[in-house]
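User: I have a structure open and would like to go through it step by step. Could we begin with one residue and work outward?
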Amino acid sequence: MRVLAIDPAVRNTGYAVVEGDGHKAHALAFDVISIPDRLPQSAALAAVRTHLRNVIEKYQPDEVAVEGIIYVQSHRTAISMGAARAAALIAAADAGLSVYEYAPMKVKMAVTGKGKADKQQVAFMVRALLGLSETPPHDAADALAIGLAHLQASDPLKAKMLERRQV
C-alpha cells in the first residue's frame, strides 16, 4: 500500500509518502510545505492544497492519512489548524482518495511506544524504523509517523489499538 500522510498546518505542513505494510515500510518522499508569513492565510491554504495535489499526482497514493484534531487552548489556533486540515482533505477528495485520521497520541504510541513522546523522540524513531540517513524535520517526521501508523492499522491485529477513523 502507498499512503500520503499529512501533518497539516497553515505555515508548515508536513507530508510523507510511505509504501509498505504493517511490518515493513519505506519512505518514497517527505518534506515540509513552508509558507511565508507575508502571504495571507487564504493564499497559504491554496498553496498547501496545490502542493499536496501535485504530490498526489506524482506519487499516486492509494489512501491518505492525516493527524486528528488536537486540543488547543486558543480558538484562533484551532480555527487555523482546522483550515489547514480542510485544505489537505480537499486535495485528497479532489483525487477521489479515502482519508483516515489518527489521534496524535496513538501515532506516537505506534511509532515510539509512548503516547506522550516528544518531537525529538518521534523523529529519532521514524529515522530508525525507515532506515533514513538523516533525521527529518519535525513536521515531516510527524507525517512519516502518521504514515507508519496507517500502515500498521492495515494489520488486523493492530487496527483496534490505533483506532483509525475514515473522514
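User: Is Asp-7 buried or exposed?
Analyst: In this predicted model, Asp-7 is buried, because its relative accessible area is 6% and the cut-off for buried is under 20%.

User: Where is Asp-7 found?
Analyst: Asp-7 belongs to strand β1.

User: And what does Asp-7 touch?
Analyst: Not counting residues up to four places away in sequence, Asp-7 touches Asn-12, Thr-13, Gly-14, Glu-67, Asp-139, Asp-142, Ala-143 and Ile-146.

User: Asp-139 is on that list. Buried, exposed or partly exposed?
Analyst: Asp-139 has 23% relative accessibility and therefore counts as partly exposed, since that class lies between 20% and 50%. Its place is in helix α5. Leaving aside neighbours within four places in sequence, Asp-139 is in contact with Asp-7, Asn-12, Gly-14 and Val-32.

User: What about Glu-67, buried or exposed?
Analyst: Glu-67 counts as buried, because its relative accessibility is 16%. Glu-67 lies in strand β4, which covers residues 63–67. Apart from residues up to four places away in sequence, Glu-67 touches Ile-6, Asp-7, Pro-8, Arg-85, Tyr-102, Pro-104 and Ile-146.

User: Which residues does UniProt place under "active site"?
Analyst: The unreviewed UniProt entry places the feature "active site" at Asp-7, Glu-67 and Asp-139. These residues are spread over 133 residues of sequence, yet they cluster in space, with a largest C-alpha distance of 11.2 Å. The lining of the largest pocket takes in Asp-7, Glu-67 and Asp-139.

User: And which residues have the "binding site" annotation?
Analyst: In the unreviewed entry, one "binding site" annotation covers Asp-7 and Asp-139. For that pair, the largest C-alpha distance is 6.5 Å. UniProt also places a "binding site" feature at Glu-67.

User: Changing topic: which residues of the largest nonpolar core touch the most other members?
Analyst: This core has 25 residues, and those touching the most other members are Val-18, Tyr-102, Val-126, Leu-130, Leu-144 and Leu-148. At least two core residues are supplied by each of β1 (2–7), β2 (12–20), β5 (98–102), α3 (104–112), α4 (119–130) and α5 (138–153).

User: Which element gives the largest share?
Analyst: The largest share comes from α5, with eight residues.

User: What does Tyr-102 touch?
Analyst: With residues up to four places away in sequence not counted, Tyr-102 touches Ala-65, Val-66, Glu-67, Gly-68, Val-107, Ala-149, His-150, Ala-153, Leu-162 and Arg-164.

User: How many residues are in the second core?
Analyst: The second core is separate and has 24 residues, including Leu-4, Tyr-15, Ala-44 and Leu-97.

User: Back to Leu-162, which touches Tyr-102. Buried or exposed?
Analyst: Leu-162 is buried, because its relative accessible area is 1%. Its place is in helix α6, residues 156–162. Besides Tyr-102, the contacts of Leu-162 include Lys-106, Ala-110, Ala-149, Gln-152 and Ala-153, with neighbours within four places in sequence left aside.

User: What separates the C-alpha atoms of Leu-162 and Lys-119?
Analyst: Those C-alpha atoms are separated by 19 Å, and the two residues are 43 residues apart along the chain.

User: One last topic: how are two packed helices described?
Analyst: They are described by the angle between their axes and the distance between the axes.

User: What are those values for α1 and α2?
Analyst: The axes of α1 (residues 41–59) and α2 (residues 75–94) come within 9 Å and cross at roughly 35°. The crossing is right-handed.

User: Which residues make that contact?
Analyst: From α1, the contact residues are Gln-41, Leu-45, Val-48, Arg-49, Leu-52, Arg-53 and Ile-56. From α2, they include Ser-80, Ala-83, Ala-84, Ala-87 and Ala-88.

How values were computed:
Residues are numbered from 1 along each chain as its sequence is written. This is a predicted model: local features need pLDDT of at least 70, side-chain atom pairs count only at pLDDT 80 or more; totals for chains, interfaces and linings use all residues. Side-chain values use heavy atoms; hydrogens and water are left out. A nonpolar core is a set of buried Ala, Val, Leu, Ile, Met, Phe, Trp, Tyr and Cys residues joined through side-chain atoms within 4.5 Å. Buried means under 20% relative accessible area, exposed over 50%, partly exposed in between (1.4 Å probe, protein chains only). Helices (H or I, at least four residues) and strands (E, at least two) are DSSP runs, numbered from the N terminus. Contact means heavy atoms within 4.5 Å. UniProt positions are given in the numbering used here, feature names are shortened, and annotations may be inferred rather than shown by experiment. Axes are lines fitted to C-alpha atoms, for helices over the stretch in contact, and angles run from 0 to 180 degrees between N-to-C directions. A crossing is left-handed if the near helix is turned anticlockwise from the far one by less than a right angle, and right-handed if clockwise. On a 1 Å grid over the protein atoms alone, a cavity is a set of points where a 1.4 Å probe fits but cannot get out, and a pocket is an open set with protein on both sides within 12 Å along at least five of seven lines; lining residues have an atom within 4 Å of a point.
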